[in-house]
Amino acid sequence: MINVWSCNKDTQNFYCSQLVDVFFFIGAMTNNLKSVNNRERKTDIETRINSLDLSRQINLVLTTPWEKRVGLITASEQAGKIVENMPVEELFWTIKATGIEDSSEIFCLATPEQLQFIFDLDWWQKDRLRPEKIAAWLLVLYELAENGLKTWLKWILGRDPWLFPAVLHEFVTVVKRPDEMDIQEARDRLHPFTLDNDYFIGFKKKKLSPLFMRLATTMVEIDPGKYRDILETMLWETPSQNLETAYRLRCGRIGDFGLPDYYESLDIYVPLSIGDMHVIKQSGPQASLPLNYELPAFVPTLYVSGCPALERAVSVLMGQPLMERIVRETTGVANKILMADMVDLDDPEQLEFAIRKSFSMINLGIEGLSINMMKLPEEILQTRYVEEIARFAAGLLLPMGAMARRIKSAKYFDIIPPGLKEAVEASVQRPPELYSEKTGTSRPVRDLSDLKRIRSLLDQASSWSKVAPFLNPSPERWVKAFHWERTNLLSSEELSADRGLLTALINLMVNGRFKISPIDREKLHSLYQRLQGLNEEQIDSLLFELLRSVCPERKNGLSESELEKVIVPRLSGIFRELLTEIGHYTIEPRFVRDILVRI
């Protein structure tokens, strides 16, 4: 199980703004070390950690931020035993957070089972192998831990006879010498590399041939019989058969650590209604946890920024025995999202986003259920499974995703105004995300107010897509309609529905024609002279009446209500800002962005 809870305050920005209170002396030790130089600090750390017994050393390591663990482990005289007893997922994240070069000392101490867990995560994407990752890790093993590689090879060859046939299919081809062909003829006619004059190997990627020659040699040294079995499997079974069997065994191995495979993980996005949810029945009063109760190596107190329903529920339930279930199930939700989203485990930003998404979905589900069932958030978390809460949230988000996909597939999606277009694209994600025009980024939907905001943005985008048929010339003719080098915009791609509509309305006011065409700078100044005394309400009213005249009600599905509540407010803001600029500055057409101006 990937343990998303094993972080403390130092890593809360990296991990979903979680806070883990560690009841240990590491904080005091860190403060005491601030005033000494590096050599004294290292000596002090060595003295302190070696004064502890092994179990307390392991606890200390597990309650330290991942990127700082290597120094602690290597300072211990029992470094090998610490690494050997670390949960495999903790070693994985420690190496990922530190980087293989800086964590080479503890990587060399890893057990075969720990190494295989790393490879089972890094070598696969869905049900396909990743050749570049396989080659990279084999190079690392030969460079840093050749003895460890031999131990691991012996271990995995005895447990999974299908992994290496599947792996080698990505890099080599194998031909067996026919009985009637002598060795010299085989050397002349078959692949150039052989270790036994029976099986001849060709390399698909010549740059990697030295690596796989060396790997084949190592296999023969470890177990010549297993080497022949691998090559025979490659000859008699198709690559797809090898891959399917290897993938099934890989899923079994990671499943032993609570980590689901890709296809099983997709369940997290399958909507679930209230009626289909299971109810956890309470069997008697819930006693508080004893003071010495621990989840593997620490006592977590959860704090999730921006997720008030989840935060309230956890704060109320903290200390009760059911928190063990909640922590385990929440970790399971995060695991499924990591796998379903195919998160690049080498990218901390992707990793953080996926974990934020898991907490956001849980918070949204708790809030939605709390309102629907008229129960407190802690009652929801107490009586419902966390994964089912997240799946209820997926059901709340499903209509938003469907609406966004309809808008994106519409004919005139590309001319939807900036900000709204990005909001639609964010809502197409699985599950939909909320776009912020202010930051230019999207984030997971955390609560019902976020859901309402997404619906509002999608409604606005839908209204703007209905404007396109009224525009003259029509959007598909924009590319050839103007000499773009003589305008302030570089190309037709910069002309959106709001810019085109406002340009046509200004032309209607100054030229008497509702048409998108570049406006002369002098005409803008004359327009300012006519309108400079109008207030905001009067400008809104002017634009609304003009729009009513050129966009008849219900034509193309565009209603007066949409004109008044969606179209006019956006145009009015742009128009008033433009008039202010004309009144205060000498307009330089090249710097105008919100309408089409002639240069």
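In the predicted model, F193 of strand β4 (residues 193-194) stands opposite I201 in β5. Strands, like helices, are DSSP runs numbered from the N terminus, with at least two residues (E) for a strand and at least four (H or I) for a helix. β4 and β5 pair in the antiparallel sense through 2 bridges, where pairing requires that DSSP find at least two bridges between two strands. Together β4 and β5 form a hairpin with 4 residues between them. Within the turn of this hairpin, N197 has a positive phi of about 65°.

Residues are numbered from 1 along each chain as its sequence is written. Because the model is predicted, local features need pLDDT of at least 70 and side-chain atom pairs count only at pLDDT 80 or more, whereas totals for chains, interfaces and linings use all residues; side-chain values use heavy atoms, with hydrogens and water left out.

Strand β5 is also joined to strand β3 (residues 172-176), by 5 bridges, and the two run antiparallel. Opposite F203 in β5 stands V172, while the bridge partner of V174 in β5 is I201. The three strands make up an open sheet with the order β3-β5-β4 and antiparallel pairing. β3 and β4 stand at the edges of the sheet, each with a single partner strand, so one side of each lacks a neighbour in the sheet. Helix α14 packs on the sheet and touches both β3 and β5, contact being defined as heavy atoms within 4.5 Å. The direction of α14 makes about 95° with that of β3; axes are lines fitted to C-alpha atoms, for helices over the stretch in contact, and angles run from 0 to 180 degrees between N-to-C directions.

The burial of β5 was examined residue by residue. Y199, I201 and F203 point one way from the strand, F200 and G202 point the other way, and all are buried. Buried denotes a relative accessible area under 20%, exposed over 50%, and partly exposed in between (1.4 Å probe, protein chains only). Since 5 of the 5 residues of β5 (residues 199-203) are buried, the strand is largely enclosed by the rest of the structure.

Two helix pairs were then considered. Two packed helices are described by the angle between their axes and the distance between the axes. The axes of helix α13 (residues 209-222) and helix α14 (residues 224-236) come within 5 Å and cross at roughly 130°. The pair α13 and α14 is therefore oblique; angles under 35 degrees count as roughly parallel, over 145 as roughly antiparallel, 65 to 115 as roughly perpendicular and the rest as oblique. From α13, A216, M219, V220 and I222 meet P224, Y227 and I230 of α14.

Helix α21 (residues 386-408) packs against helix α23 (residues 448-465) at an angle of about 20°, with the axes 10 Å apart. This angle makes α21 roughly parallel to α23. The crossing of α21 and α23 is left-handed, a term applied if the near helix is turned anticlockwise from the far one by less than a right angle, with right-handed applied if clockwise. On α21, the contact is made by L396, L397, M400, M403, A404 and I407; on α23, by L448, L451, I454, R455, L458, D459, A461 and S462.

Several loops show particular backbone geometry. The peptide bond from R430 to P431 is cis, with omega near -10°, and P431 is placed in the loop between α22 (420-427) and β6 (433-436). Another cis peptide bond leads from N472 to P473, with omega near 0°; P473 lies in the loop between α23 and α24 (478-481). M342, in the loop between α18 (322-340) and α19 (348-373), has a positive phi, near 50°, in a residue other than glycine. At 35% relative accessibility, M342 is partly exposed. M374, in the loop between α19 and α20 (377-383), likewise has a positive phi, near 55°. At 74% relative accessibility, M374 counts as exposed.

Finally, the cysteines were inspected. The structure holds 0 disulfides, a disulfide being a pair of cysteine sulfur atoms within 2.5 Å. C251 is buried, with a relative accessible area of 16%, and C551 is buried at 2%.
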